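Thanks for coming. I will take a few minutes on one model and go through its elements in turn.

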Amino acid sequence: NKLQNLVAEQLVGCGFNEILNNSLTRAAYYDGLENYPSNHLVMLLNPLSADLNCMRQTLLFGGLESIAHNANRKNADLKFFEFGNCYHFDADKKNEEKVLAPYSEDYHLGLWVTGKKVSNSWAHADENSSVYELKAYVENILKRLGLDLHNLVVGNLSDDIFAAALSVHTKGGKRLA
């Protein structure tokens, strides 16, 4: 995909590493969540293990696993991105004639930034990564894709997953990030 390659090149140029996580994940990650309720999971009929018993609804948890894996090996300053499918089940769309009607699949991009934005520099004091750093990367991606940032609405967001976050919507109300 041409757009995906364009975005990947830009992110690698900014110091990101691409990760690729399994689409299978553990249902326990979704217990009690409002944004990604467990009753919307696509469950496996015969899972090989309890750790891989459903399809992911979000790229978030795979990215956090990658961060934990690196942090446990003393690699804490990380910038990751991942392109991948996420899966959703909607019981309200059940239809005897169309067995797949309640299932959907969407392609997503996930970005993770953690640790120090700047460390051990003679020219700049150590600085932690922040949601605003992430915002700049997202805006640059949207610009690179040809979107006019004046047509976007950026707002503060807090929910059951993010203590502090930013959301990006089109003026028509469609959520982009």
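Before I start, a word on how I number things: helices, of at least four residues, and strands, of at least two, are DSSP runs counted from the N terminus. What you see is a predicted model.

Let me begin with helix 1. Helix 1 covers residues 2–13, which is 12 residues. From its first C-alpha to its last it reaches 17 Å, close to the 16 Å expected at 1.5 Å a residue.

Now its two ends. At the start of helix 1, the backbone nitrogen of Leu3 has a side-chain oxygen of Asn1 within 2.9 Å. After helix 1 comes Gly15, and the phi of Gly15 is positive, near 95°.

Which residues of helix 1 are buried? They are Val7, Ala8, Gln10 and Leu11. These residues cover an arc of only 160° around the axis, so they sit on the same side of helix 1. As a reminder, an α-helix has 3.6 residues a turn, so residues three or four places apart point the same way. On the face turned away from that buried side, helix 1 carries the exposed residues Lys2, Glu9 and Gly13.

What covers the buried residues of helix 1? The cover includes strand 5, residues 78–89, and strand 6, residues 103–114. Helix 3, residues 131–144, is also part of it.

That brings me to strand 5. Strand 5 pairs with strand 6 in the antiparallel sense, over 12 bridges.

In what order do its three strands lie? The order is 2-4-3, and the pairing is antiparallel. Strand 2, residues 24–25, and strand 3, residues 42–43, are the edge strands, each pairing on one side only. Strand 3 is joined to strand 4, residues 54–55, by two bridges, running antiparallel. Met43 has Cys54 of strand 4 as its bridge partner.

To recap on helix 1: its buried residues are Val7, Ala8, Gln10 and Leu11, and strand 5, strand 6 and helix 3 are among what covers them. I will stop there.

Note on methods: Residues numbered from 1 in each chain as written. Predicted model: local features only at pLDDT ≥ 70, side-chain atom pairs only at ≥ 80, totals over all residues. Heavy atoms only, no water. Expected span 1.5 Å × (residues − 1). Buried < 20%, exposed > 50% of the residue type's maximum accessible area, 1.4 Å probe, protein only. Arc of directions from axis to C-beta. Contact = heavy atoms within 4.5 Å. Polar contact = N/O pair within 3.5 Å; in protein donor to acceptor, adjacent residues only side chain to side chain. Pairing = 2+ DSSP bridges.
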